[in-house]
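User: I have a model open and would like to go through its packing with you. Could we begin with the helices?
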Amino acid sequence: MRIIKTFAVLLIFATAVCGQNNSGVEVTPGNEGLTVEYIANEGISITHGKHRILLDAVHRQYRPAYAFTPEDILSKIESARYPYGNISMILVSHHHLDHFHAESIARHLMNNNNAVLVSSDQVVDEVEKSGAELKKLFPRRSAKPEQFRRIKHEWKRSEVLEQEGLKITFLGLKHANSELPKFRDVQNLGHLIEIGGKKLLHIGDADMLAENFDSFGLEDQVIDVAFIPYWFLLSKDGKALLKKDLRAKTIVAVHVPPSNQSKTIRDILVSMPSAVVFTQKGEMLNY
Ligand SMILES: [Zn+2]
């Protein structure tokens, strides 16, 4: 992992600036390799070569319990301005408002016809609807039909999307609290992203049940980084899953609420000292 290597070089030459995230893992600003940057809640941006992917990273202020995309960044994403002018793909785990905002994504697609939204019917339906409203306001600018790609969500089903230098396996997962009617039909997609020689796993708000994961053979994969809702790291069942189906070289806790954050971070690191906790925009992993 580049963060370790780079730190070793810094120790020798002591010339560059090195940041540190709240988990004590040293990080350095972007490079030519694979970069994963935290945006908000479960949102990350993944950059490698020509691929610039936003995953669960485009959402507006919703409830106090959820971190949201900072307004200056959201405005740059919506208008496709630097450094968000060259987004190639937008991924969304599910349609809850702490993971996506339909109009914000529709605005980006309208302003950047090179970006493609790849997600469930629930997400794509809402973004298309929002795009139709925007078209009335901006008749000369609109997203093209080829900017929308639907992934059929079905529990335990997976689907693969491959492009040059990128492979994404979409995983049909149940959302947390799936026993409740409110959550039963949420189309929650996991993403196993192979890019830059690494494997990244993101599970959205997956239900913390072994059966939710065991049909995908994830335990046979060598996963480099897994982005996991922090409550998994605080629970016995969640930790058991992280040792087996969701095993990864680096576990990054996400979805950490803004209030009482330092206590939550402390609790996570007591429970799993090797974890990285993403809470601040700009925290990143470089490979
Ligand atoms: Zn959710």
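User: At what angle do helix α2 and helix α3 pack?
Analyst: Helix α2 (residues 71-78) and helix α3 (residues 102-111) pack at about 45°, with their axes 7 Å apart. Because angles under 35 degrees count as roughly parallel, over 145 as roughly antiparallel, 65 to 115 as roughly perpendicular and the rest as oblique, α2 is oblique to α3. Axes are lines fitted to C-alpha atoms, for helices over the stretch in contact, and angles run from 0 to 180 degrees between N-to-C directions. Helices (H or I, at least four residues) and strands (E, at least two) are DSSP runs, numbered from the N terminus.

User: What are the numbering and the confidence limits here?
Analyst: Residues are numbered from 1 along each chain as its sequence is written. The model is predicted: local features need pLDDT of at least 70, side-chain atom pairs count only at pLDDT 80 or more, and totals for chains, interfaces and linings use all residues.

User: Which residues of α2 and α3 meet?
Analyst: Leu 74, Ile 77 and Glu 78 of α2 meet Ser 104, Arg 107 and His 108 of α3; contact requires C-beta atoms, placed from the backbone, within 7 Å.

User: Is α3 mostly covered or mostly open?
Analyst: Mostly covered, with 7 of its 10 residues buried. A residue is buried if 20 or more other C-beta atoms lie within 10 Å of its own, exposed if 12 or fewer, and partly exposed in between. The buried residues of α3 include Ile 105, Arg 107 and Met 110, and they pack against α2, β6 (89-91), β7 and α4 (121-137).

User: And Asn 86, where does it lie?
Analyst: Asn 86 is in the loop between α2 and β6. It counts as partly exposed because it has 14 C-beta neighbours inside 10 Å. Its C-alpha atom is separated by 8.6 Å from that of Lys 50, 36 residues apart along the chain.

User: Turning to the core, how many residues are in the largest nonpolar one?
Analyst: That core has 75 residues, and those with the most contacts inside it are Ile 90, Ile 105, Ile 228, Val 252 and Ala 253. Its largest share, 5 residues, comes from α3. A nonpolar core is a set of buried Ala, Val, Leu, Ile, Met, Phe, Trp, Tyr and Cys residues joined through C-beta atoms within 7 Å.

User: Lastly, what is the strand order in the open sheet?
Analyst: The 7 strands run β8-β7-β6-β5-β4-β3-β16, with mixed pairing. The edge strands, β8 (148-150) and β16 (284-286), each pair on one side only; strands pair if DSSP finds at least two bridges between them.

Key
Contact = placed C-beta atoms within 7 Å.
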